[in-house]
Amino acid sequence: MACFVVPAAEAVVTTVAKKKIDKKGSDAAGNRNPFIKKLGWLNNMLWGGSALLAFEHVWHGEIVPYFPFLTNAASPQTAMMMLKEMAVSGVMMAAVVTAVWAGIVAVTHSMEKKLLQTKTVLG
């Protein structure tokens, strides 16, 4: 129905946040914030998943090129079902994608930290 809207909304928020953080530029030493690249990973995951889900909904005829665009928004009864699906499935999908991204960031951070320690020891 419209479960892809929730991850797409999160993607919009993270894209705006990334642009705001990126505008601040680099620190005094000229180093870019490494979090920007990692936030870009989340953006790509969210936008890609939302696009794929939207395509699947178009394929199954749940999204149409005329108003109200979402077929389940045509009547109040089906609109309630759609909103419930967004609240349950959409939020869960967005949360899982964000949790996977957080795990990737944690693993990457520990690998970077270990590499930095190895470089410091070796010299």
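Helix axes are lines fitted to C-alpha atoms over the stretch in contact, and the angles between N-to-C directions run from 0 to 180 degrees. In this predicted model, the axes of helix 2 (residues 34-59) and helix 3 come within 10 Å and cross at roughly 150 degrees.

**Helix packing**

- Two packed helices are described by the angle between their axes and the distance between the axes.
- Angles over 145 degrees count as roughly antiparallel, and helix 2 and helix 3 are therefore roughly antiparallel to each other.
- The handedness of the crossing between helix 2 and helix 3 is right-handed.

- Side chains of opposite charge can pair when their charged atoms come close.
- The count of salt bridges in the model is 1.
- Glu112 and Lys38 form a salt bridge through their side chains, with an N to O distance of 3.2 Å; this pair links distant parts of the chain, since Glu112 belongs to helix 3 and Lys38 to helix 2, 74 residues apart.
- Lys38 counts as buried because its relative accessibility is 9%, and the cut-off for buried is under 20%.
- Glu112, with a relative accessible area of 40%, is partly exposed.

- Most residues other than glycine have a negative phi, and most peptide bonds are trans.
- The peptide bond from Phe67 to Pro68 is cis, and its omega is near 10 degrees.
- Pro68 lies in the loop between helix 2 and helix 3.
- Phe69 is also found in the loop between helix 2 and helix 3, and its phi is positive, near 70 degrees, in a residue other than glycine.
- Phe69 has a relative accessible area of 44% and is therefore partly exposed.

Note on methods. Residues are numbered from 1 along each chain as its sequence is written. This is a predicted model: local features need pLDDT of at least 70, side-chain atom pairs count only at pLDDT 80 or more; totals for chains, interfaces and linings use all residues. Side-chain values use heavy atoms; hydrogens and water are left out. Helices (H or I, at least four residues) and strands (E, at least two) are DSSP runs, numbered from the N terminus. Angles under 35 degrees count as roughly parallel, over 145 as roughly antiparallel, 65 to 115 as roughly perpendicular and the rest as oblique. A crossing is left-handed if the near helix is turned anticlockwise from the far one by less than a right angle, and right-handed if clockwise. A salt bridge is a side-chain nitrogen of Lys or Arg within 4 Å of a carboxyl oxygen of Asp or Glu. Buried means under 20% relative accessible area, exposed over 50%, partly exposed in between (1.4 Å probe, protein chains only).
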